[in-house]
Amino acid sequence: MRAYLALGVLLAVSACGGGTPAKPQAAAADSKGGTLTVLSNQDFSHLDPVRNWTMPHMDFGIRLIYRTLLTFKSEKGAAASELVPDLATDLGTSAEGGKVWTFTLKDNLKYEDGTPIKAADVKYNVERSFAPELPGGPNYAQVVLAGTEGYKGPLKGEHLKSIETPDDKTIVFRLKRPVADFPYMATLPTFAPVPEAKDTKEQYDNRPFSSGPYKIERYDRGKELVLVRNEHWDPKTDTVRKALPDRVVMKQGLRQGVIDDRLIDSRGEDEFAVGYTNVAAESLPKILPKADVKGRMVSEIMGCTDMLGMNTAKAPFDDPNNRLAVHHALDKQSLQTANGGPVMGDIATSFLPPAMSGGQAKDILGIPPTGDTAKAKELLGGKTLDVDLVVSTGDKTKGEAVQQSLGKAGINVKLSTIDPAVYNDTVGDIAKSPSLFLTGWCPDYPSGSSFLPLMFDSRLIVPKGNLSNTFQFKDSAVDKKIDEIYAMGDIQQANNAWLELDKQIMQASPAVPYAWERKPLLVGTGVSGAFGHPIWSAQLDYATLGVKQK
């Protein structure tokens, strides 16, 4: 997923009472039937699978409306990161050292009208990701597929030779280089089927054709989406989706405070409702003191890493010792408090989030949560630094926490706030980027390849519009290691290598990871199976949600 830079608008909440995260909502015995209501303050950016690149939106689309070649287990904790076949019979077969991947589709896969799902439909949707008429979706296929130079998608009848469908059940992808983690890419909605005859191009957002357990009955954009059962979905072909409710109704455009109040009360249809968007900070005092309500708040780690970034292209942070001094000086606990306390996030101790390290956080440098001022001063060698820190207007409280903690070590911070509308452009412009800034990254799947290269590969730096490597970090050893890992044909070997590279970059300290934020979501008293899935930024896993039957 793209970088998030203007944290004050996209992710942060203002300071509020602390507390500890509630345990995930325990699943009751599975019972089918009823209507699950979803309360949201927004519409989807995109439901077209080829344009869907926002983690919670991907969760909703993939778990309810369309299936992908592979997917992730619908379980809590570390097991949630395990790949399982979805449309495919297995996790794929590689050849030529990981440059060719072959998948075979299961039997009895059908769309909502009863027609069979074919390999050519998956190929067609992957090709759609190249169409300039359908922007905004994951670009992994564009990056790794061979023979794509100048290709502009299938809408004018052109097709890729690097995707072969020798029969209705077989699809073969030919890549420009070995890609050990291609199976992870095959979990993205890019790899969902779209039959060419049903493609309405830009209008497909409004009515995707269902290959999953539910189909769209009605979609009034920004107001209401109604899903009903797809009677041609065969649960025998699907080990992930429980498809418990008969209907799923999403109410859109509600104020977040209203959503929170309705779910706190949990009356009428709200007894069987869930929140789609984060609990508002001002609602926490109504939730945390009440054990019964707090017990219905799911607050899992999102899988994104918040960071204090440094401009390594200019003094003083072209000096690694100065960067490491910032790493030791930063009081991450004060930043946690500024963001609402432990209920809103955990303290980060590595770039890669726990979902990428077996579900356990890695404390690479062993610095206390409140920092180590003495060590920071030692690294500075008795000198002081004068630097500027730019944050978006919504992050002023966090900026002040940074300013105060670094000041104790002799790093004098001049804090400035700027409008969120220009924050990305400022931080992403190498001529305008400040010494310090707040940034972050959300990976698309639990592999370091969707995180570390995008953040720290020097070859991705551009003069303007940087969304990756905003630190302007240039380290030839890191670039070389990235290429070596890309060339690995074994996925476990590559995963272990990304963890080692995380340690290497942490020592170089182009940024300081300080938080793994949580996604606080309320559910009604009549909802079962609610837990936040770490792959989709801790959004509720819609594969397991049910309505308790009375």
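These are my notebook entries on a predicted protein model.

**Ground rules**

I number residues from 1 along each chain as its sequence is written. Because the model is predicted, local features need pLDDT of at least 70 and side-chain atom pairs count only at pLDDT 80 or more, while totals for chains, interfaces and linings use all residues; side-chain values use heavy atoms, leaving out hydrogens and water.

**Entry 1: the whole protein**

I began with the secondary structure and found 16 helices and 20 strands. Helices (H or I, at least four residues) and strands (E, at least two) are DSSP runs, numbered from the N terminus.

Next I looked up the radius of gyration, taken over C-alpha atoms. It is 23 Å, close to the 24 Å that the globule rule gives for 550 residues, so the protein is as compact as a globular protein of that length. That rule is 2.2 Å times the number of residues to the power 0.38. Along the principal axes, the C-alpha atoms fill a box of roughly 75 × 55 × 35 Å.

How much of the protein is buried? Buried residues make up 60% of the 550. I use buried for under 20% relative accessible area, exposed for over 50%, and partly exposed for in between (1.4 Å probe, protein chains only).

I also checked contacts, meaning heavy atoms within 4.5 Å. Among those between residues at least 6 apart in sequence, 74% join residues at least 24 apart.

**Entry 2: salt bridges**

My search of the whole structure turned up 30 salt bridges. Each one is a side-chain nitrogen of Lys or Arg within 4 Å of a carboxyl oxygen of Asp or Glu. I followed three of them.

Asp-43 and Arg-221 meet at 2.7 Å, N to O. This pair links distant parts of the chain, 178 residues apart: Asp-43 is in the loop between β1 (35-39) and α2 (55-65), and Arg-221 is in the loop between β8 (214-220) and β9 (224-229). Arg-221 is partly exposed, at 33% relative accessible area.

Asp-107 and Lys-169 form a salt bridge at 2.4 Å, N to O. They are 62 residues apart, with Asp-107 in the loop between β5 (100-104) and α3 (119-128) and Lys-169 in the loop between β6 (163-167) and β7 (170-174). Asp-107 is exposed at 52%, whereas Lys-169 is partly exposed at 30%.

Lys-286 and Asp-261 meet at 2.9 Å, N to O. Lys-286 lies in helix α7 (residues 284-287) and Asp-261 in helix α6 (residues 256-265), so the pair ties together parts 25 residues apart in sequence. Lys-286 counts as partly exposed at 37%, and Asp-261 counts as partly exposed at 32%.

I then noted a network: salt bridges that share partners join Arg-67, Asp-86, Asp-238 and Arg-241.

**Entry 3: backbone details**

Where did I find a cis peptide bond? The bond from Ala-315 to Pro-316 is cis, with omega near 5°. Pro-316 lies in the loop between β13 (305-310) and α9 (320-329).

I also looked up positive phi values in residues other than glycine. Asn-108 has phi near 65° and sits in the loop between β5 and α3. Ala-243 has phi near 50° and sits in the loop between β9 and β10 (247-251).

Are these two residues buried or exposed? Asn-108 is exposed at 53% relative accessibility, whereas Ala-243 is buried at 5%.
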